[in-house]
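Welcome! Let us walk through this structure together, one part at a time.

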Amino acid sequence: EKKVIRLGEDKLYFDFDDSRVKPEYYGELRDAVKVIKNSSMRVDITGHTDSKGSAEYNEKLSLRRAEAVKVKLLEFGLSESDIAGVRGVGENSPIAPNTKSDGSDNPTGRAVNRRIELELVK
């Protein structure tokens with residue numbers, strides 16, 4: 001059984017080449033902690049990147065993003081036992097095109113691909 005926690009527009013976004021959690025998301029992360037603690041489930045934290053940079057670099061960056069969110073969730077009251085997993089999948093699961101149909105850069109698409117997803121799991 002799985003349940004996705006919706007954060008604002010469904011994701012927690014990052015600036016380009018950055019793994020710092022923006023203070024604007026602290027409220028949503030505190031709310032996520034409450035949801036997780038009130039459920040009988042644990043949370044999987046998955047980090048994502050856009051397609052700029054090498055696949056190897058993006059794997060590491062996405063994991064740093066997931067780890068940064070884990071640190072914040074722990075800081076906001078979650079316990080280690082509430083966390084099922086932390087992983088980075090790099091650029092492998094985009095939710096928007098990184099480039100336009102003509103092959104040019106798509107900054108808007110890339111921005112939404114730089115995200116964290118929280119998923120509740122049994």
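This is a predicted model: local features need pLDDT of at least 70, side-chain atom pairs count only at pLDDT 80 or more; totals for chains, interfaces and linings use all residues.

**Strands and helices**

Strand β3 covers residues 42–47 and strand β4 covers residues 83–88, and the two pair in the parallel sense over 5 bridges. To find your way along this pairing, look for G47, which stands opposite G88 in β4.

Strand β3 has another pairing to show you. With strand β5, residues 115–121, β3 pairs in the antiparallel sense, here over 6 bridges. A handy landmark for this pairing is T46, which stands opposite E117 in β5.

Now turn to the helices. Two packed helices are described by the angle between their axes and by the distance between those axes. Helix α1, residues 26–37, packs against helix α2, residues 55–75, at an angle of about 65°, and their axes lie 9 Å apart. Angles of 65 to 115 degrees count as roughly perpendicular, so α1 is roughly perpendicular to α2. The crossing in which α1 passes α2 is right-handed.

Which residues of α1 and α2 make the contact? From α1 come Y26, L29 and V33, while α2 brings V69, K72 and L73. Sorted by class, the contact of α1 with α2 has 5 nonpolar residues, 1 charged residue and no polar ones.

Definitions and conventions: Residues are numbered from 1 along each chain as its sequence is written. Side-chain values use heavy atoms; hydrogens and water are left out. Axes are lines fitted to C-alpha atoms, for helices over the stretch in contact, and angles run from 0 to 180 degrees between N-to-C directions. Helices (H or I, at least four residues) and strands (E, at least two) are DSSP runs, numbered from the N terminus. Angles under 35 degrees count as roughly parallel, over 145 as roughly antiparallel, 65 to 115 as roughly perpendicular and the rest as oblique. A crossing is left-handed if the near helix is turned anticlockwise from the far one by less than a right angle, and right-handed if clockwise. Contact means heavy atoms within 4.5 Å. Ala, Val, Leu, Ile, Met, Phe, Trp, Tyr, Cys and Pro count as nonpolar, Asp, Glu, Lys and Arg as charged, and the others, Gly among them, as polar. Two strands pair if DSSP finds at least two bridges between them.
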